[in-house]
Amino acid sequence: MPTIADNILYFDEKLRTTPCRLVAVSKTHPVAAIQEAYNAGHRLFGENKVQELLEKHEQLPHDIEWHLIGHLQTNKVKQIASFINTIQSVDSLKLLLEINRRAEAWNRTTPINCLLQLSIADETTKFGMSYDEAVALLQSDEYRAMQYIRITGVMGIATNTTNHDKLRQEFRHLRECFNKLKETFFFANQDFTEISMGMTSDWELALEEGSTMIRVGSGIFGARDYSK
């Protein structure tokens with residue numbers, strides 16, 4: 001049975017000749033498992049919940065690049081604003097304003113990277129903005145005044161299905177949204193580069209459709225124990 005280190009090396013090899021990076025999704029997995037991936041050379045980890053992220057951040061090396069990939073409530077932003085590298089789940093102007101405000105309060109020397117989470121799945125349980133809502137956010141005076149955040153791309157969660165044609169269609173739609181936003185708002189901006197899409201079950205399709213970050217949990221750490 002492959003170890004966590006084996007799995008990290010597997011993805012390193014698969015992505016080596018691509019522009020895509022691996023976000024190792026460590027939610028519900030213990031610190032020891034993350035440390036094993038770290039010891040194998042990995043530094044980019046994603047967590048879904050603020051409380052779990054805080055506990056792990058305290059116990060693990062501080063050169064880890066932490067990404068918050070789950071839904072984020074505005075009242076939780078202050079707890080992670082001092083150290084978070086990227087918030088992938090920005091789904092409203094209200095949330096972005098709070099991220100900027102909390103980053104300013106910490107007087108961060110580097111902005112918090114943010115991805116606009118766009119809704120690409122049929123499932124109403126998933127969060128995310130429509131393309132038009134993202135456009136409205138980027139056209140707002142409030143966004144233009146922000147100095148402590150940096151929008152670096154888009155993120156999407158595809159429908160939970162084994163239908164490859166449907167998955168490919170959703171990934172393609174996200175890439176097309178990225179391209180339109182790039183042309184309209186970020187044409188001369190070298191920071192707007194990320195398309196975060198694809199998970200353990202569908203990352204290869206996402207990679208084919210232009211993903212620059214795949215979010216893989218069980219493919220690295222094994223099945224999650226939800227009883228804890």
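## Salt bridge between Asp-122 and Lys-166

Asp-122 and Lys-166 join their side chains in a salt bridge with an N to O distance of 2.6 Å, the term denoting a side-chain nitrogen of Lys or Arg within 4 Å of a carboxyl oxygen of Asp or Glu. Because Asp-122 lies in the loop between strand 5 (112–117) and helix 6, and Lys-166 in helix 8, the pair ties together parts that are 44 residues apart in sequence. Asp-122 is exposed, with a relative accessible area of 57%, whereas Lys-166, at 21%, counts as partly exposed; buried means under 20%, exposed over 50% and partly exposed in between, with a 1.4 Å probe and protein chains only.

This is a predicted model, in which local features need pLDDT of at least 70 and side-chain atom pairs count only at pLDDT 80 or more, while totals for chains, interfaces and linings use all residues. Residues are numbered from 1 along each chain as its sequence is written, and side-chain values use heavy atoms, with hydrogens and water left out.

## Other salt bridges

The count comes to 15 salt bridges. Among them, Arg-43 pairs with Asp-63, their closest N and O atoms being 3.3 Å apart, and both residues are partly exposed, Arg-43 at 31% relative accessibility and Asp-63 at 44%. Glu-13 forms a salt bridge with Arg-16, the closest N and O atoms being 2.9 Å apart, and Arg-16 is exposed, with a relative accessible area of 57%.

A network of salt bridges links Arg-168, Arg-172, Arg-175, Glu-208 and Glu-209.

Methods
Helices (H or I, at least four residues) and strands (E, at least two) are DSSP runs, numbered from the N terminus.
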